[in-house]
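Open the model in your viewer and keep the selection tool at hand. The stops below are meant to be visited in order.

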Amino acid sequence: MFGTSSGSMYEEIEAARNKKLRKKKIIIRRVIVIIVLLIIVSYLGILLNDIRRFKNGENPLIITKYEKKEYDDGNVTSYYSLGWVFRYYDRETIKENKIETSWSKIRMDDILNRKTDDPNLPEIEKNYTVPSNVSKKNKVDGVLFFYNDQEKLLGTYKCILSDKDCDFSSSHILEDDSNKYENIKMGIIDNRYVFIDEYKNKNTEAEEKHVYLYDIVAKHIIAQYQNVRYSLKLKNEKSKSEYGAIYSNKFIVEKNNLWGIDEVDKGKVTNFEDYNYKYIKFDENTKLYILKEQVNKWVIFNSNEKIKTQPFEENIDSLYYKNDKMYVIAYTRADEYSSKRNYILYNQDGENVLKKDNIDDLKSYEKFLVYTNDLKLYFIDYDGNEVINSYNLYYDDTYSAIKAYNINIKDNNLIIKLLKDKSKTHMVNEYYYNLDDFSLIKERKDVKETIE
């Protein structure tokens, strides 16, 4: 009987314990539910409050991360919060403000649609079949291919004014250019921009030529011109071919039969120097521009400081910086049909340092200049002072296949070769000078060698 009573007592204690545990679990579950509900309500409260703040132009109550991404046409600002993000789109491509989930991507992240100031720019064809181009040619079946230096494809372009008459633009040649026969194609600029020649009715009396500046990234034409000229002539190291380049985002272009300078930055084109000139050339040596005004006077333009020199009456040929001074080589012609040039050397004060008339065949070197005058060969420094004695020439070789003299630079030596007499034979005299002090090193007479 004692055993039975003891067993019942233990069962009652166990039952009471289990009942107490069940009550505790119920209480815990209710607390958890209440906490979860409070979290949900708080979260929803924060969300609703942030929606209100968003509408009022305020930032989220709780900011976990801030980002601002720059684009060519603006920027997108993101304020991250507890599972959502305030996004402010301030771009030409898209302008709107959005609350989005924090894992969502920025809208139109890889799309650029810049606005331009020219309403007459044509729309490019976008839905076309890109032909196979295993050989990586520049053009296949009326489609241009744009490759970088590593031959990675940057993009393509289909002719829009004809089936096939489009190509990389050629740098335009003007009457005042020294070399009127070079044909230099413009290259791809910053792996992004390219000048394209487009034609209507090519090789007919109704031919129209258009030069478009195409943005490969935006897939959009951003400017149009009559012609373009290179500023720098560079060489492709792989193909060894020359191509035209621009300088510091600035490029020389023609509109309404006059030349000016435009600038491109982040897909936006602006005018840098008005279209007021009959001729513009970039001087690579000095990084200055040579401009010919409509009144046929010449000026030098510093694009960094936006200043011009006083006008020159003579045609400017080239510019040089020597010993922190600028020198201008200019020339005149006897008439507009003459190829004979009479040269002048101006210092930066506008003074002619040559002090002679009818100077022709002026050539510049690193430490000296050479010119001919009245059948004499002169060697001068950039201040017009003779560095060695002049030499007599036997004839004017302007129209001769055999040159009256030849000059070489080798191992810091100046080597002068002169025909011995008027007979125009292979017999020459040679003179060697040290370029450090222009002292005579040696002479060689009656050398049998053809003037190069």
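Predicted model: local features only at pLDDT ≥ 70, side-chain atom pairs only at ≥ 80, totals over all residues.

Residues are numbered from 1 along each chain as its sequence is written, and side-chain values use heavy atoms, without hydrogens or water.

**Stop 1: the largest pocket**

Select Asn-138, Tyr-147, Asp-149, Asn-236 and Ser-239, which lie nearest the centre of the largest pocket among its 24 lining residues. Strands E6 (143-147), E8 (166-168) and E14 (242-245) each give two or more residues to this lining; strands are DSSP runs of at least two residues, numbered from the N terminus. A pocket is an open set of points on a 1 Å grid over the protein atoms alone where a 1.4 Å probe fits, with protein on both sides within 12 Å along at least five of seven lines; lining residues have an atom within 4 Å of a point.

**Stop 2: His-220**

Next, select His-220, in strand E11 (residues 220-225). His-220 counts as buried because its relative accessibility is 13%, the cut-off being under 20% with a 1.4 Å probe and protein chains only. Beyond four places in sequence, the contacts (heavy atoms within 4.5 Å) of His-220 include Arg-114, Glu-123 and Tyr-214.

**Stop 3: Tyr-394**

Finally, select Tyr-394, in the loop between strand E27 (386-392) and strand E28 (405-410). A polar atom of the Tyr-394 side chain lies 2.9 Å from the backbone oxygen of Lys-420.

Note on methods
Helix = DSSP H or I, 4+ residues; strand = E, 2+ residues; numbered from the N terminus. Buried < 20%, exposed > 50% of the residue type's maximum accessible area, 1.4 Å probe, protein only. Polar contact = N/O pair within 3.5 Å; in protein donor to acceptor, adjacent residues only side chain to side chain.
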